[in-house]
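Student: Hi! Could you walk me through this one while we both look at it?

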Amino acid sequence: MIRFILSRLLQSLAALAILTVVVFVLARTTGDPLHMILPMSATAEDYANARQYLGLDRPYIEQYLSFVGRAVTGDFGTSLRARRPVMELIQERLPNSIRLAAFAMGVSLAFAFPLGILAAVWKGTGVDRTAQVIAVLGQSLPTFWVAIVLVEFVGGRWQWLPAGGIDGWSSYVLPGFTLGWFVVAGLMRLLRSGMLEVLDSEYVKLARVKGVVEYRVIWLHALRNALVPVVTFAGIYFSILVTTAIVVETVFAWPGLGRLAYDGISSRDFPVIQAVVLTTAAIVAVVNLGVDCLYALIDPRIRYAR
Amino acid sequence: MTPVGIDPVSAERAAGTLAIPERAAAAAAEPRRRRLPVLSLGIIGLFVLVAILAPMLSPANPLDQSLRNRFKPPVWMEGGSTAHLLGTDRLGRDILSRIIWGSRVSLAAGVVTVLLASAFGAAVGLVAGYYGGRTDAVLMRVTDATMSFPVILLALILAVTVGPSFTNVVVAIAVILWARYARVIRGQVLTLMGLDFIAQARIAGAGAWRIITRHLLPNTLNTLVVLVTLQVGYVIIVEASLSFLGAGIPPPTPAWGSMIAEGREFVTSAWWASGLPGLAILLVVLAFNVLGDWLRDTLDPKLRQL
């Protein structure tokens, strides 16, 4: 098991290393950052000085290494717009994003589990059909459209709930539901198909023949095995959640990482963009690592397959 | 004596003498074949036709502004007129015409992106699965790194650095999306590689190219078709989200996402300006998802997806 974790850890680090190269190249190929830093009146001499000061005259490989070196210690430079260290901005925003994501995950688990399991157990009934409709709608409605409608009607016209920024727990409701909506659909479908497959298997039949009570069959025998595909997809869910969060945070003016990314990009604030991209990727990598280890723990076959 | 290779039970079963009860059981266990989703096919066909015939079908120029005719409601509402069947937006542009032209952007983005991504992803998956070993390890690490990168973040970066355009949207989404195809196809190829017919093809002297194109690819086609159909809808939503955030198709070209964004502040007073393009997205994406589900149930019931 330790060998498996170590090799997975190395793989994650390799993936992150590839990403730092991509981010570095993207940031460098998009034009001279000095054009954005120096005033219009800057002379050629100012440019040369600034270039030397910022180390932009050194070979690319050296620049890359110092970029990575600083990134590892959490130094992403200063935001061009906010004129503050980028790390400070991230530390300010990240907790808000994590709280929102956790709330959304909670919402989707609370809905997806009962719906997915009941849809499988009562296959073909009204419950099943309702669940299917919710699932297909959840995957077909654009998140940002749902977000707008909620902001304008529930938050604007009717004023039932706050729909902008953070102001107490009630601010979490609208963005949290919007963000969780898409995940509910996918999670529910996975659970339903997983449950259906397991309920049809030999050992569930055996359990029934042995006279095991039905609720034990469902909750103990079937659900545990139906969870395996859910865990497999958990990593992908998480990166979809992160992607969706950018849109949701923008519409709901949520002071999180997604909003920071959007603002950074619209003001061409490169240090911020680099930091957000790398932070996000690192979080996704850590979550994926955790998911894989969990998966290997549940299903020992995975450990030996590699 | 029975001929070599055919056991008596299956011979009798083939003759129809033995298998009557078993056959009935098998028929019951086999999932009922779902009906062809005619409605979905109709909706997709209709939108494809509309997109192709846009210059002929569009009742007005989608770019023509008329400030005197701002926010005219659709024809069935009070104050609506037949001049603008679905009303006008904040600049007095005809919404029906804009939705018709917008269907070109959405469908083209969806189809082109998914085709590019699936071709590249399938190639990577086939090569990784066929060669295995170090090739597989390297390709799969790159795939993992790609998968952990949020699509919208990359598209936003590209939009800022290179400028928003149709090509950039397609590239940004395809550059991330291929990874999922690579993973799924590789998994299938690994299973196929263990089967006898690949070994036999090798013994018969077939080269790598021949085995990949003649034996492996045809056996993964069903999965590819299902994934492609299911992801067209997803890509249409991502493209709309990007246009909504201002990183997609630049104005004044009509795109559903940017129409929703422009009508956003007026949802409570003039719901049609962003409600109707939202409905168009919902219809198309819903149709592709339902069709994809049906294809999966028919062609590849074991495939799991989000």
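**Chatting through the model**

Tutor: Happy to. Let's start with helix H9 (residues 196–203) of chain B, which is hardly covered: of its 8 residues, the count of buried ones is 0. Here a residue is buried if 20 or more other C-beta atoms lie within 10 Å of its own, exposed if 12 or fewer, and partly exposed in between, with C-beta atoms placed from the backbone. Helices (H or I, at least four residues) and strands (E, at least two) are DSSP runs numbered from the N terminus.

Student: What follows H9(B)?

Tutor: Gly205(B) follows H9(B), and its phi is positive, near 95°.

Student: Before I go on, where do these numbers come from?

Tutor: This is a predicted model, where local features need pLDDT of at least 70, side-chain atom pairs count only at pLDDT 80 or more, and totals for chains, interfaces and linings use all residues. Residues are numbered from 1 along each chain as its sequence is written, while chains are lettered from A and ligands numbered from 1 in the order in which they are written.

Student: What pLDDT does chain A average?

Tutor: Chain A averages 80, and 94% of its residues score at least 70; pLDDT is the predictor's confidence in each residue, from 0 to 100. Within chain A, confidence is lowest in helix H13 (residues 301–305), with a mean of 58, and highest in helix H5 (residues 86–121), at 88.

Student: How many helices and strands does chain A have?

Tutor: Chain A has 13 helices and 0 strands. Its C-alpha trace spans about 85 × 55 × 30 Å along the principal axes, and 38% of its 306 residues count as buried.

Student: Now the interface. How many residues of chain A are in contact with chain B?

Tutor: 43 residues of chain A are in contact with 35 residues of chain B, where contact means that the C-beta atoms, placed from the backbone, lie within 7 Å. H10(A) gives the most to the chain A side, with 9 residues.

Student: And what's that side like by class?

Tutor: The side of chain A that touches chain B has 28 nonpolar, 12 polar and 3 charged residues. Ala, Val, Leu, Ile, Met, Phe, Trp, Tyr, Cys and Pro count as nonpolar, Asp, Glu, Lys and Arg as charged, and the others, Gly among them, as polar.

Student: Which residues touch the most other members of the largest nonpolar core?

Tutor: Among its 160 residues, those are Ala261(A), Leu154(B), Ala155(B), Leu156(B) and Ile173(B). A nonpolar core is a set of buried Ala, Val, Leu, Ile, Met, Phe, Trp, Tyr and Cys residues joined through C-beta atoms within 7 Å. Not counting residues up to four places away in sequence, Ala261(A) touches Ile246(A), Ile273(A), Val276(A), Leu153(B) and Leu156(B).

Student: Why does Ala253(A) count as partly exposed?

Tutor: Because Ala253(A) has 13 other C-beta atoms within 10 Å.

Student: And Gly164(A), what is it in contact with?

Tutor: Leaving aside neighbours within four places in sequence, Gly164(A) is in contact with Gly155(A), Phe252(A) and Ala253(A). Gly164(A) lies in the loop between H7 and H8 of chain A, and it counts as partly exposed because it has 15 C-beta neighbours inside 10 Å.

Technical notes. Two residues are in contact if their C-beta atoms, placed from the backbone, lie within 7 Å.
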